[in-house]
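Please work through each task before reading its solution.

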Amino acid sequence: MRGPERWPFLSPEVGVVEDELAKMLAGEVDEIIQAALPNPEAAKASGVSGVCLDLSGFGNISPSLVLSALGVLEQHLDRSGLGQCLIGPSEAAFLRDPDILATVDIAVAVLIDAKTSPTVAPATGAWIVKQVGELHEAAKTGKLRFAISAAGISWEGGQRRSSRVSYAVAMDQAATYSSPPTFDAKASSMMVRFIDVEGRPNQIWLPDAVTMSEALKAIPESIPVVIWPIGYEDPTLWEVFLDGSAKPPETVSLGEQVIETVEDGIFVSTSEGRLGVRRFEAAISPEVGLSALSYDIIPKAPWLSEIANVSLPSLTLTFDGLGDLDDFDSVLNALSGAEVKATFLLGLEDTLLRSDRITRLLEEGHEIGLLAEGDIDGDGLVSGLDRFSFDLSQHALHHHTGTLPVLVRHPSRSPLAVSRVAELAVARELQKQGRLALPTGISAPYGQYDPRAFHEVVLAAVLSQPFGIVRFDFSSGNSKSVSDSFKTTLDLFLAEGIQILSMPEVVETDAQRLHAYTDAQPDILDKVVYGSLRFSWNSFEDFFLILALIVLIRAPIQIVLALIWRNRYPVEPNYKPEVTVVVPAFNEEQVIARTIASILDSTYRHLKVLVVDDGSADHTAGIVEELVASDERIELIRETNHGKWYAEDIAINNLDSPIFVVIDADTLLHPDAIEYLVQPFRDPKVGAVAGTVEVGNQMNLITRCQAVEYTVSQELMRRAYQAFNGILVVPGAIGAWRTDAVREAGFVTGDTITEDADLTVAVNRANYRVVYQPDALSYTEVPETLRQFMKQRLRWSLGILQVSWKHKRAILEGRGIGLISIVESLWYRLVSGVVYPLLDLLLVGLLLQSVFAFALGVQPIAFGFSFEFYLAIAAHVFLDVVNLIFAFWFKRRWDWSLLLISPLMRLGFVQLLYISSFRALYHAVTGKLDVWEKIFRTGKAKMPRKPQAPPIARKTN
């Protein structure tokens, strides 16, 4: 049978069937049918085959009434040559009426038992055999089709009637409510039972490929069988349906069945699906059918949401490009005369060379977006030169207008929001970037076209659905054709009474939100090329404004990415893999006992502690040996001194647990930390998990500044970096690793002096994901003196340079950790780490001269700088505070004293970081790479008396 889009349904409402059909008999057919098929001739021309009268929910209607209704419908369709089909339950008397079967082109008997209830399955094998036998005579006409229902029957507590639900939605609910489907062998049907968020019991009788393949055996091969309704089925059914000898597969992918939460609009949000795994066994007796059917992993479909809450027939007008100047003026004049607002999508040439036209568009209230070029292959938005072109368009547009639009269109996409799996991947990529993917909609013909013919095409489309997007190719090569016909086309739309909406009206938001955000930090190559093409910054002010712009763009991007990120790994109480906590130790007698005690206080009981003493010259090993004697969970390995990386490798070689946690010997572990750390490893693609390191010795200004830095870098930046799998460092103070992933990545190496960052990138490049679990807390001792702090930061800065160089191929591999994380770290240490100290000196100079001017009662010297320059300086300090506020908000704990420190960190602390960057560059250039010096530990790190970790049962999205 053809799909629903070729046979529109005319479905009387439940409870008013008699009245509805009576109206049709009374001659009001036009009023009723108009909603389903307003223009039969146009529908026929567009490929519609006929209209189905869907009475599948009304088996008790008398055959005479159905026959009369079909007669009226036939008269309405006669002029167009469209056919009729009738859908009804297999038990209905009207499907056995010879006059009705002679009238329709197709009759579909839906095999659903009218007596179905929460305790009675919709269709058992015996019942199907009975129905097939009773309809034997009707089948002889050649018009009858048996429809095996692919939809689940959902019963909700408090509701008298059941509802229809797709396999994908039912499985999504099963996964959401952690309620795996169960098999009723007597009914040969799957069931899903759960309590929803409102506390109501729900039950779904759910057919899948296995149970439906059993139902097919009850129908003679001579009788055509259809799957009804299309789109509700287990997609693996088609392997059985098209090849009767095939067995249903044990793996279930719902990647091409997308759950839409809001339909018919602009795609805005999506999630990825999950592969399901099931097992089934046939009974020894063929009459019994299946004996067992279960799902080890519940499949999940991707989902998407769309926006277009309009009820009247309406359009929105879009133009790809800005055309030639005369054509541009002609189109804008036509729009202005009709008081219509449109959306213009801009390519690279438009953004670089036509800033005056873009300004005019914005002044006249039109919307703008970006065009993305390149082929859609399912791997992302664009790549290579197309990616560069797209980024360059953003830069130019921001420079000319201060605008970074949200709307993006890919001209090679299909007219619908998402209609192909590759387009779903593109839309998902855009979502990660915070953008809206704009469909192409109904495209005007390229070249000269007949406005009236195009108007008829658009009218037919709009009347069959309430909303449509019209696209004009307004590139320079086609703009003359568009301008010649556009005013006539627009007048025809308006004369027809079609409402033309602006894009903000379509998505129900204010215009500012459609061009106020950006989603990707420009890479350094884009900046260089863009600067050579469009800018001539010859002054000191202009140069620093460029740097300020980069920072100002970067901050909101991180905030948006962090907002998008959600904790996808809530605690599953039954997931308790064995864990080994590895503690490398070298001269840690001051802190080792406290650290081990904090581990053993963990609420997670499936753990062991493995301490590797790396040739300590103090009493570290002796202290641990005493603890080993008192607790069998502790093990000690003693080695000669080779370094922390070697100690970790020794531990890994002695592991027998699938997961291990590494913490520093001065770290205090929160009791719930391991409980949270292990949860992401339920995903086999997760290779490492970074926890949150809290400063446990906030005792002076430098330690409190580090507390601010730790908070922002983890709660904001690490959340943001997880969005593109770009976490650069799993901290040595608290990090969990999949043992097999580390071994596959080549173990820990001594190639760099920051072995934790080196291992993080290596695991990422081994095609594992590195994620962040913010609720896994540890408390560490940070340097308390300037000398100790500078030693530590020199090691970190130089180590990151080494890691970036070692893993430079990650950039060429196109990984997020290479293209963004490594590039950004190099930018920070090689560019901003060198240039920004000059800006800080300028800030100090401006501040001092302003203070002296105020004291002397004279006007401060302005140095000729613009208002924008001073605003950019203030924005830097403001964004520091904003970042910390967002970090506290994510953390759900506030420390107002740290918030007061934040603005002052640019007057000393930040400069220390720049000095560390300078020193790291010097050591790298001169080859003085061995700068490891152990930080002296005092044992002053403390964990709060009542550690403030969020509860395990935290709400997640």
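A disulfide is a pair of cysteine sulfur atoms within 2.5 Å. This is a predicted model, in which local features need pLDDT of at least 70 and side-chain atom pairs count only at pLDDT 80 or more, while totals for chains, interfaces and linings use all residues. Residues are numbered from 1 along each chain as its sequence is written, and side-chain values use heavy atoms, with hydrogens and water left out.

**Exercise 1.** Determine how many disulfides a search of the whole structure finds, and describe the handedness.

*Solution.* The search of the whole structure finds 1 disulfide. Cys52 and Cys85 form it, with sulfur atoms 1.7 Å apart. The torsion about their S-S bond is about 130 degrees, so the disulfide is right-handed. Cys52 lies in strand 2 (residues 50-54) and Cys85 in strand 3 (residues 83-89), so the pair ties together parts 33 residues apart in sequence. Strands (E, at least two residues) and helices (H or I, at least four) are DSSP runs, numbered from the N terminus.

**Exercise 2.** Are Cys52 and Cys85 buried or exposed?

*Solution.* Buried means under 20% relative accessible area, exposed over 50%, and partly exposed in between (1.4 Å probe, protein chains only). Cys52, at 0%, is buried; Cys85, at 1%, is also buried.

**Exercise 3.** Identify the residues that touch the most other members of the largest nonpolar core.

*Solution.* A nonpolar core is a set of buried Ala, Val, Leu, Ile, Met, Phe, Trp, Tyr and Cys residues joined through side-chain atoms within 4.5 Å. The largest has 91 residues, and those touching the most other members are Val579, Val583, Ile599, Val609, Phe660, Ile674 and Trp737. Helix 25 (residues 701-722) supplies the largest share of this core, 9 residues.
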